[in-house]
Amino acid sequence: MRVTVNGDERDLAGPVTVADAVAELTGAHRGVAVAVNGEVVPRGRWAETPLSDGDRVEVLSAAQGG
């Protein structure tokens, strides 16, 4: 399936959940937020939220700095 992640098109082998995509795209386990098609997906629902062909996914990581 083809999804857009942070503005870049990617091919993912389906079926894929938000949790699968986050694991594939980033090694981070904390400080990550995800939105699918403009809707924030709570971390507790990542494993049960499937992605579909054409979805727009935004994966955001918290950064420290000053």
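Trainee: Quick one to start. Is Asn6 buried, partly exposed or exposed?

Mentor: Asn6 is partly exposed, because its relative accessible area is 39%, which falls between the 20% and 50% cut-offs. Bear in mind that this is a predicted model.

Trainee: Where does Asn6 sit?

Mentor: In the loop between β1 and β2. Most residues other than glycine have a negative phi.

Trainee: Let's zoom out. How many helices and strands are there in the protein chain?

Mentor: One helix and five strands. Along the sequence the pattern reads β-β-α-β-β-β. The radius of gyration is 12 Å, close to the 11 Å from the globule rule for 66 residues, so the chain is as compact as a globular protein of that length.

Trainee: What box do the C-alpha atoms fill?

Mentor: Roughly 40 × 25 × 20 Å, taken along the principal axes.

Trainee: In what order do the strands run in the sheet?

Mentor: The order is β2-β1-β5-β3-β4, in an open sheet with mixed pairing. The edges are β2 (8–11) and β4 (39–41); each has a single partner strand, so one side of each is left without a neighbour in the sheet. On average, neighbouring strands are turned by 35 degrees against each other, direction ignored.

Trainee: How do β3 and β5 pair?

Mentor: In the antiparallel sense, over five bridges. β3 covers residues 32–36 and β5 covers residues 56–61. Val36 stands opposite Val57 in β5, and Val34 stands opposite Val59.

Trainee: Is β3 mostly covered or mostly open?

Mentor: Mostly covered. Four of its five residues are buried. For the protein chain, 30% of the 66 residues count as buried.

Trainee: Where does the helix go?

Mentor: Helix α1 (residues 18–25) packs on the sheet. α1 touches β1 (2–5), β2, β3 and β5, and its direction makes about 125 degrees with that of β3.

Trainee: Which residues touch the most other members of the largest nonpolar core?

Mentor: Val18, Val34, Val36, Trp46, Leu51 and Val57, out of 15 residues in that core. The elements giving two or more residues to this core are β1, α1, β3 and β5. In soluble globular proteins, nonpolar side chains tend to be buried together.

Trainee: Take Val34. What is it in contact with, leaving aside neighbours within four places in sequence?

Mentor: Val34 is in contact with Val18, Val22, Glu39, Val40, Val41, Trp46, Val57, Glu58 and Val59.

Trainee: What share of the contacts with a separation of 6 or more comes from residues 24 or more positions apart?

Mentor: 52% in the protein chain.

Trainee: Last topic: surface. How much of the accessible surface belongs to carbon and sulfur atoms?

Mentor: 48%, out of an accessible surface of about 4500 Å² for the protein chain.

Technical notes
Residues numbered from 1 in each chain as written. Predicted model: local features only at pLDDT ≥ 70, side-chain atom pairs only at ≥ 80, totals over all residues. Heavy atoms only, no water. Pairing = 2+ DSSP bridges. Axes fitted to C-alpha atoms, helices over the stretch in contact; angles between N-to-C directions. Contact = heavy atoms within 4.5 Å. Rg over C-alpha atoms; globule rule 2.2 N^0.38 Å. Buried < 20%, exposed > 50% of the residue type's maximum accessible area, 1.4 Å probe, protein only. Areas by Shrake-Rupley, 256 points an atom, 1.4 Å probe, with all protein chains shown as cover. Core = buried A, V, L, I, M, F, W, Y, C linked by side-chain atoms within 4.5 Å.
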